[in-house]
Structures are given as structure tokens and as C-alpha cells.
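Me: I would like to learn how to read the packing of helices in a structure, going slowly from the conventions to the particular case. Could you take me through the one shown here?

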Amino acid sequence: MRRNIAAAGNLVIAVIVLYSWIRMMSGIDSGSLFSDSRIRTLKYFTVDSNVLAGAAALCAALFEFRADREIPVWVGALKLAATASVMLTFLTVMGFLGPMFGYAKMFEGANLYMHLVTPLLAAAVFCLLEGDAGLSLRHTFYAVIPMLIYGAAYLLNILINGRGSGIHTNDWYGFTRWGMAASPLVYLVMASITWGIAWLLWRASCCFQLPPAE
């Protein structure tokens, strides 16, 4: 029963992600802060992490609906990485971007789902319904990979094209506001926070083990 509930929850996540991403890509929410249209939406980690969460949720649902099969560890690792990524988005909004730009702007349009609904729902499904899925401590380090890839591309873009200003800035998250010299430290802090989130999710999920397939 719990596997079916987890599968249903994952399908809801996938639908919400698809809806919010289409809404943003179509330009409906192009006037909202941290939003763009078409393929340019992928420049935001918020969108990338949500797309990853949606894909991971759909993948997990396909296995969870099969009660006669064990859920592969790689699926659990993918869910952990995706959930940690969207929770990083949530915590960045709540602790950094929200105080800077105002929470009302952070939850406009599709960002209500991407910044709040999807992260919390993903964490709830992963921790409460899926258990640790056979994961070990080393998988918490793998969960940092999406953030490391995005962060490296983000800084490389600034190094190549410059920081820019206004609507043309390449530092839309303001992570180089303390100067490029401080950016490696910011990168390290974000990686550490992501690992901390992944560890907490893993430890929380260990309290709700998913029963073996019958």
C-alpha cells in the first residue's frame, strides 16, 4: 500500500513540475522574478532541479507500481540527488533570495510550485514513503553532483562573458556580489549545504524503511 501511495505522490510531483515548467516556458510568468521563456528557463538552478525532480519521480513511480520488484538502488540515489537539489532551491529562497527580493516575488506564478510546493512534496515522499531505498552514506556525496555541475557552469559563464548588469546580468543569483575572488568560497559553501541536506534526507528516510517486495 505504501509503495502505491509513494508512486501516486511521485506522479503528482511529475505533473506539477511539467505544469510549472510549461507555464514558465510559454511566457505566462515571464514577468516574474527569476523566470524566463522557452529554453532560457534552464539557466536557473530552480528549473533544472525541478526538472530533475520530476524525471526522478516519474522513474521511481514506474518501479513502485510494480509491487513484485525491488526498487533499484540507482533509482533511490537519483531521488536523493533530485530531492536534495530542490531542497537547496527551497532553502536558498527562504534564507537568501527571499530576504533580498521579498518572499512575495519568490512565490509568484510558476515559482510558487518550483520554490515551495515541489521541494516540500519531494522531501515528504522521499523521507516518509520511500525509506532509504538501500542507500548508504556514499550516496549522499553523489547527491551533490547536480549542484557541482551547475555551479561550475554558472561561474564559467561569468568568467567567459563577464558579470553584466541589469536584465543582462550573468550573475542572476548574486553569488559574485562579494567579488569573483570570493566565488570559490560561495561555491564550497553551497556544495557543503547541499551535502548537508542530502545527509539529513538520508538519515530521515532511514526511519521509514520501505517494506520489501512480496
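Reply: We can begin with handedness: a crossing is left-handed if the near helix is turned anticlockwise from the far one by less than a right angle, and right-handed if clockwise. The helices themselves (H or I, at least four residues) and the strands (E, at least two) are DSSP runs, numbered from the N terminus. In this case, the crossing of α2 and α3 is left-handed. Please keep in mind that this is a predicted model, in which local features need pLDDT of at least 70 and side-chain atom pairs count only at pLDDT 80 or more, while totals for chains, interfaces and linings use all residues. Residues are numbered from 1 along each chain as its sequence is written, and side-chain values use heavy atoms, with hydrogens and water left out.

Me: How many helices and how many strands does the protein chain have?

Reply: The protein chain has 8 helices and 0 strands, and its pattern along the sequence reads α-α-α-α-α-α-α-α. Contact means heavy atoms within 4.5 Å; among contacts in the protein chain with a separation of 6 or more, 75% come from residues 24 or more positions apart. For burial, a residue is buried under 20% relative accessible area, exposed over 50% and partly exposed in between (1.4 Å probe, protein chains only), and 47% of the 214 residues of the protein chain count as buried.

Me: At what angle do α2 and α3 pack, and how far apart are their axes?

Reply: Axes are lines fitted to C-alpha atoms, for helices over the stretch in contact, and angles run from 0 to 180 degrees between N-to-C directions. Angles under 35 degrees count as roughly parallel, over 145 as roughly antiparallel, 65 to 115 as roughly perpendicular and the rest as oblique. For α2 and α3 the angle is about 150°, with the axes 8 Å apart, which makes α2 roughly antiparallel to α3. On the α2 side the contact includes F45, L52, A56 and F63, and on the α3 side W74, L78, V86 and L88 are among the residues taking part. To sort such residues by class, Ala, Val, Leu, Ile, Met, Phe, Trp, Tyr, Cys and Pro count as nonpolar, Asp, Glu, Lys and Arg as charged, and the others, Gly among them, as polar; the contact of α2 with α3 then has 15 nonpolar, 5 polar and 1 charged residues.

Me: Where do the axes of α2 and α7 come, and what is the hand of their crossing?

Reply: The axes of helix α2 (residues 45–64) and helix α7 (residues 145–161) come within 11 Å and cross at roughly 150°, and α2 is therefore roughly antiparallel to α7. The crossing of α2 with α7 is right-handed. F45, D48 and L52 of α2 make this contact with P146, M147 and Y150 of α7, and its residues comprise 5 nonpolar, no polar and 1 charged.

Me: Which residues does L88 touch beyond its neighbours in sequence?

Reply: L88, in helix α3, touches F45, M147, M190, I193, T194 and I197, not counting residues up to four places away in sequence. L88 counts as buried because its relative accessibility is 3%. L88 and T194 are 106 residues apart in sequence, yet their C-alpha atoms are 6.1 Å apart.

Me: Is S20 buried or exposed?

Reply: S20, which lies in helix α1 (residues 2–25), is buried, because its relative accessibility is 0%. A polar contact is a pair of N or O atoms within 3.5 Å; within protein, one must be able to donate a hydrogen and the other to accept it, and residues adjacent in sequence count only if both atoms are side-chain atoms. Here the S20 side chain reaches the backbone oxygen of V17 at 3.1 Å. Leaving aside neighbours within four places in sequence, S20 is in contact with A110, Y113 and M114.
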